[in-house]
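Work each task on your own, then compare your steps with the solution below it.

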Amino acid sequence: MNIVSTLGRIIIASLLVSLISFVGAVGLIRTKSTSARHGATLVRFAAGVMLTSAVLALLPEALEEAGSAIAFPIFWGILLFFFLERFL
């Protein structure tokens, strides 16, 4: 019974997020100037979100496998990319 309730919540949340995304996309497509002006930025943002979610999904498994030894290189990698993005 608990699985059905969890599955129902997942489906409702997915539908809600899809609806919000659709409404946002329609709002951007309605005006050509907005779409042309912000199209490249939105694609970059979407790519960043996908990469971030993939890395964050792998992080718990990496920490479980390597223990605390992997935390320091992860921290330095995040810090390096922050400064590369900020100053380049």
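**Exercise 1. Placing L56**

Find the helix in which L56 lies, and decide whether L56 is buried or exposed.

*Solution.* Keep in mind that this is a predicted model.
- Step 1: L56 belongs to helix 2.
- Step 2: The relative accessible area of L56 is 52%. Exposed means over 50%, so L56 counts as exposed.
- Step 3: For a sense of distance along the chain, take L42, 14 residues away from L56; the two C-alpha atoms are separated by 21 Å.

**Exercise 2. The largest pocket**

Work out which residues line the largest pocket and which elements give two or more of them.

*Solution.* 
- Step 1: The lining consists of G48, L51, T52, V55, L56, L59, I74, G77, I78, F81, F82 and E85.
- Step 2: Two elements give two or more residues to this lining, namely helix 2 (32-66) and helix 3 (71-87).

**Exercise 3. A glycine of the lining**

Take G77 from the lining of the largest pocket and describe its surroundings.

*Solution.* 
- Step 1: G77 lies in helix 3.
- Step 2: With a relative accessibility of 26%, G77 counts as partly exposed, because this class runs between the 20% limit for buried and the 50% limit for exposed.
- Step 3: A25 is 52 residues from G77 along the chain, and their C-alpha atoms are separated by 33 Å.

**Exercise 4. Following the rings**

How many aromatic pairs does the structure hold, and what geometry does the pair of F82 and F83 have?

*Solution.* 
- Step 1: The structure holds 4 aromatic pairs.
- Step 2: For F82 and F83, the ring centres are 5.2 Å apart and the planes stand at 70°. Planes over 60 degrees apart count as edge-to-face, so this pair is edge-to-face.
- Step 3: Both of these residues are partly exposed: F82 has a relative accessible area of 46%, and F83 has one of 40%.
- Step 4: F83 also pairs with F87, and this pair is stacked, with 5.9 Å from centre to centre and 5° between the planes.
- Step 5: F83 and F87 both sit in helix 3, 4 residues apart, which is about one turn of the helix.
- Step 6: F87 counts as exposed, at 61% relative accessibility.
- Step 7: Elsewhere among the rings, look for F72, F75 and W76, which ring pairs link into a cluster.

**Exercise 5. The chain as a whole**

*Solution.* 
- Step 1: The protein chain has 3 helices and 0 strands, and the pattern along the sequence is α-α-α.
- Step 2: Along the principal axes, the C-alpha atoms fill a box of roughly 55 × 50 × 10 Å.
- Step 3: Of the 88 residues, 2% count as buried.
- Step 4: The protein chain exposes about 8000 Å², and carbon and sulfur atoms supply 75% of that area.

Terms used
Residues numbered from 1 in each chain as written. Predicted model: local features only at pLDDT ≥ 70, side-chain atom pairs only at ≥ 80, totals over all residues. Heavy atoms only, no water. 1 Å grid on protein atoms, 1.4 Å probe; cavity = no way out; pocket = protein on both sides within 12 Å on 5 of 7 lines; lining within 4 Å. Buried < 20%, exposed > 50% of the residue type's maximum accessible area, 1.4 Å probe, protein only. Phe/Tyr/Trp six-rings, centres within 6.5 Å; stacked < 30°, edge-to-face > 60°. Areas by Shrake-Rupley, 256 points an atom, 1.4 Å probe, with all protein chains shown as cover.
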